[in-house]
Amino acid sequence: MAVLSSARRVLPWACNGQAAFARVSGGALGTVRVRARALCVATGRSGGGSLLQSRWQSSLPQLDPVDRSDEENSGGDIDWDNLGFGLTPTDYMYVMRCPQADGSFSRGELSRYGNVELSPSSGVLNYGQGLFEGLKAYRRADGAGYMLFRPEENARRMQAGAERMCMPAPSVEQFVHAVKQTVLANTRWVPPQGKGALYIRPLLIGSGAILGLAPAPEYTFMIYASPVGTYFKEGMSAIHLLVEEEFHRAMPGGTGGVKTITNYAPVLKAQMDAKSKGFADVLYLDSVHKRYVEEASSCNLFVLKGDIVATPATAGTILPGITRRSIIELARDCGYQVEERLVSIDDLVGADEVFCTGTAVGVTPVSTVTYQGTRYEFRTGEDTLSRKLYDTLTSIQMGLAEDKKGWTVAID
């Protein structure tokens, strides 16, 4: 791991000639500690601003754009063959801000990866006003750069979620530019081809201070990254799922269809209970009829019966996955009829093949599903649709196959 040397840098919120400095001290996790020498009261706009807003803005040090000496080496002492899906702090993150009154995001900047400072009364901490995305960067087969997979779709999904959560959002161009900059600043952490990917986590949070229930007065968009391997501990092997009957992931009229941070903590109880019994994850039923399958804790679901592929329709309670959309198109290209509809528990247990899709999980085959104490088995192995779709998708993502659909974005 790179250890940050102590240095003074001007804080982004220094203004009107008032000096504000930060001492950045690094450790194994790249923690950033900020000690302000002066508080900036003015906001840079006519009429000034409040001391509270200035004091509690996120204090992230500026990065000298030529300060990249540590990128010459590969990613530390990582065992690329046993990477797994865990946090490995990288070198840099990307940050930009937006005051509510302005409605547009400022020019972003790279900062050393580290902690951020928030007001105890920030919108995200008090009212869960936050969204996140997930996408991956892959090392190209020829070694000449990196590949992103449909990043503009992540940007549009964040915009849809931001509208639901009363937040401003970066433009598609701002989003994609920020992702590219984050990858280029952390290239030494991109795994060798076939060993994993650089997982990219964009966050949009209500960072401004607010007491009453209302949209935050300031928003922060940031991106960090981490090298990752397979999501489930089973690796590329088929997984075992448990149908959850007591808890529900989402309800009609709620936020199940957007990637808000508040959707995820509520599934932890059911997920941890299932893992304690040896299952990889949980499948959730609809909250009204309790007989239609919706999705797992962090991925979409597909079932195959004969030559018909079915996946639960995204009607407000199910996240419209980008991998899901891509797999629908690829399955149709393979000659299968794909239906987006209600998928009953009977459809599930009677399927020939079941698999999950998502940015983190890719295309993961399901070996068994347990429902009301009965375990149902499904076809897995090399000669399956899920394997064919996995090979096709990953070949496009890594540049091993021609991208006839225009899904990939090159970073040179």
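This is a predicted model: local features need pLDDT of at least 70, side-chain atom pairs count only at pLDDT 80 or more; totals for chains, interfaces and linings use all residues.
User: Why is Thr 311 called buried?

Analyst: Thr 311 has 1% relative accessibility. Buried means under 20%, so Thr 311 counts as buried. This residue lies in strand β14, which covers residues 308-312.

User: Which residues is Thr 311 in contact with, leaving aside its neighbours within four places in sequence?

Analyst: Thr 311 is in contact with Leu 301, Phe 302, Arg 324, Ile 328, Glu 339, Glu 340, Arg 341 and Val 343. Each is listed because heavy atoms lie within 4.5 Å. Two of these partners, Arg 324 and Ile 328, are also among the buried residues of helix α6.

User: How do you know that the span of α6 is close to the expected one?

Analyst: Helix α6, residues 322-333, has 12 residues.

User: Which residues of α6 are buried, and what follows the helix?

Analyst: The buried residues of α6 are Ile 322, Thr 323, Arg 324, Ser 326, Ile 327, Ile 328, Leu 330 and Ala 331. After α6 comes Gly 335, whose phi is positive, near 95°.

User: Why is Lys 290 called partly exposed?

Analyst: Lys 290 has 45% relative accessibility. Buried means under 20% and exposed means over 50%; the value falls in between, so Lys 290 counts as partly exposed. Lys 290 lies in the loop between β11 (281-285) and β12 (292-296).

User: What is the phi of Lys 290, and where is Cys 166 found?

Analyst: Phi of Lys 290 is near 60°, a positive value in a residue other than glycine. Cys 166 is found in the loop between α3 (151-164) and α4 (172-185), and its phi is likewise positive, near 60°.

User: How many helices and strands are there in the chain, and what part of the chain is buried?

Analyst: The chain has 8 helices and 20 strands. Buried residues make up 52% of its 412 residues.

Conventions:
Residues are numbered from 1 along each chain as its sequence is written. Side-chain values use heavy atoms; hydrogens and water are left out. Helices (H or I, at least four residues) and strands (E, at least two) are DSSP runs, numbered from the N terminus. Buried means under 20% relative accessible area, exposed over 50%, partly exposed in between (1.4 Å probe, protein chains only). The expected span of a helix is 1.5 Å times one less than its number of residues.
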